[in-house]
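Subject: Structure handover

Hello,

Here is the structure I promised to pass on. Please open it alongside this message, and then read on.

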Amino acid sequence: RQVPPQMKQSMEMAVKPAGSASAAITSYRFTRKDFTVTELTARTLENHLRLLAREFEPAIHWISVKGLDRQALELLRDCYDLPEKHIDDALETSQPPSVDGFGSSNLFFIFRMQGLAPGEESTKDEQISVFFLSQFKTVITIMETDILDSCWDKIKDKMDNPHSLIRSGFDASFMLYAFTDAVVDFSFPILENFTTRLHELTADMMEHTPVKEHLQITADIRAQLISLRMNLWRTRELLTELMQDEYNSLSQVTKTYMRDVYTHTENNVQVLEAGLAQCQEINELYGSYQSAKLNDTLNMLTVVSMFILPPQFLCAIYGMNFEYMPELKWEWSYFVFWCIIILMAVVTYILLYKDTWRKKRRSKTLEKALAITSGALASKSGMDAETNGRV
């Protein structure tokens, strides 16, 4: 491979004192015939880059940096003439998904990747910075940590397979499709996990009494879904810019496969919107339960009031301090008073029982009417189907 003189000169000048090795660096090299993996640190990266500069056999390189090590990034900057502003963006981990071109058909873009950390139910959000250097057939990925490094497992397996499209096509820009597809597909297990949890939460609320803990869990899932939705929307915009290929960096095959990634992103957005709708349904279910509970309480208070108010009315009348009230001097007035109160309670109970019985009878009548109507419609549809079959 022909290496530009300025790269060799930069390699000779990039001699910096080694700092603490806080980043795990892996170099992947493959051709149509072979595939090699080299584990590096910030101390050994410089010598490895010197070897790459002296390499003449055409090959595609992927340098994976797991950890924000400024010394390692500065070595890569000096070797490949990377813009300083993009190095700063890679170290600043609060950047939104974006894409930018530099040099001759080179690209720098940022992903926000969310995944489930091992043994945790909450999502882990990390920034992934990617440099695509078309001139050197090299891709550099920079991750904050190695917690979500499993998202690249499928890419590594394809690189190890000589019959895969990555190896047989020998297209460096196709690596961009592989990374983008891995990031988008990595969000699907999160959506599947959240959907399962929401279904289980709904079933638990229907089987048992809804409590505030259900709302707290739903609110936590909804917040994570909203964060993921923002990332998916921005990733969709990033894919649109990549497919337009304003920087002439992608091959036609890569553009075709990028459309497939865009479709996957749209599908993930639809699943996510369904999850948010289910969160809203859970909130409405809890609100309906609380409303029904309040209605039952008010109904009970109403029944109690119907039994208490009539005696209270009589007590208020005969508790007045008038001098002349003939009923107070009757011999059987106290006995008559209690008889009237008991009679009022019995009449109130009979009226309430009749009203409840009428409502139950009305509901049974409606259920029978609905059953007869459903049976008639079913028999009619069966007759129509049989007629159509004969025809």
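Below is what was found in it, starting with the whole chain and moving to single residues.

**Overall**

Please keep in mind that this is a predicted model. The protein chain has eleven helices and seven strands. It has 391 residues, and 38% of them count as buried. The accessible surface of the chain is about 22700 Å². Carbon and sulfur atoms account for 57% of that surface.

Contacts reach well along the sequence. Take those between residues at least 6 apart in sequence: 68% of them join residues at least 24 apart.

**Cysteines**

How many disulfides does a search of the whole structure find? The search finds zero. A disulfide is a covalent bond between the sulfur atoms of two cysteines. C79 has a relative accessible area of 3%, so it is buried. C339 is partly exposed, because its relative accessibility is 36%.

**The strands around β1**

Start at strand β1, residues 24-30. It pairs with two other strands. Strand β2 covers residues 35-40 and runs antiparallel to β1, with six bridges between them. A hairpin of four residues connects β1 to β2. Strand β3 covers residues 60-66 and is also antiparallel to β1, this time over seven bridges.

Some partners to pick out on screen:

- T26 is opposite E39 in β2.
- S27 is opposite T38 in β2.
- I25 has V65 in β3 as its bridge partner.

Is β1 enclosed or open? Six of its seven residues are buried, so the rest of the structure largely encloses this strand.

Leaving aside neighbours within four places in sequence, T26 is in contact with V37, T38, E39, W62, I63, S64 and K66.

**Helix α3**

Next, go to helix α3, residues 70-80. This helix is mostly covered, with nine of its eleven residues buried.

At the N-terminal end, D69 caps the helix. A side-chain oxygen of D69 lies 3.0 Å from the backbone nitrogen of Q71. After the helix comes D81, which has a positive phi, near 55°.

**The nonpolar cores**

In soluble globular proteins, nonpolar side chains tend to be buried together. Here the largest nonpolar core has 38 residues. Which residues have the most contacts inside it? They are W152, I155 and M175. Helix α7, residues 174-186, gives the most to this core, with ten residues. There is also a second, separate core of 27 residues, which includes V65, I87, F102 and I140.

Residues up to four places away in sequence are not counted here.

- M175 touches F30, I60, W62, V139, I155, M159 and I166.
- I155 touches W62, I166, M175, A178, F179 and A182.

I155 lies in helix α5, residues 153-160. Its relative accessible area is 3%, so it is buried. I155 and A182 are 27 residues apart along the chain, yet 7.8 Å separates their C-alpha atoms.

**T254**

Last stop: T254, in helix α10, residues 252-318. Is T254 buried or exposed? It is buried, because its relative accessible area is 0%. Its side chain has a polar contact of 3.0 Å with the side chain of S173. Another polar contact, of 2.9 Å, joins the side chains of T254 and S251. Beyond its neighbours within four places in sequence, T254 is in contact with D171, S173, F174 and Y177.

**Where to begin**

For a first look, I would follow the order above. Begin with β1 between its two pairing partners, β2 and β3. Then turn to α3 and its cap at D69. Go on to the core around W152, I155 and M175. Finish at T254 and its polar contact with S173.

Best wishes

How values were computed. Residues are numbered from 1 along each chain as its sequence is written. This is a predicted model: local features need pLDDT of at least 70, side-chain atom pairs count only at pLDDT 80 or more; totals for chains, interfaces and linings use all residues. Side-chain values use heavy atoms; hydrogens and water are left out. A disulfide is a pair of cysteine sulfur atoms within 2.5 Å. Buried means under 20% relative accessible area, exposed over 50%, partly exposed in between (1.4 Å probe, protein chains only). Contact means heavy atoms within 4.5 Å. Accessible areas come from the Shrake-Rupley method with a 1.4 Å probe; for residues, only the protein chains shown count as cover. A polar contact is a pair of N or O atoms within 3.5 Å; within protein, one must be able to donate a hydrogen and the other to accept it, and residues adjacent in sequence count only if both atoms are side-chain atoms. A nonpolar core is a set of buried Ala, Val, Leu, Ile, Met, Phe, Trp, Tyr and Cys residues joined through side-chain atoms within 4.5 Å. Two strands pair if DSSP finds at least two bridges between them.
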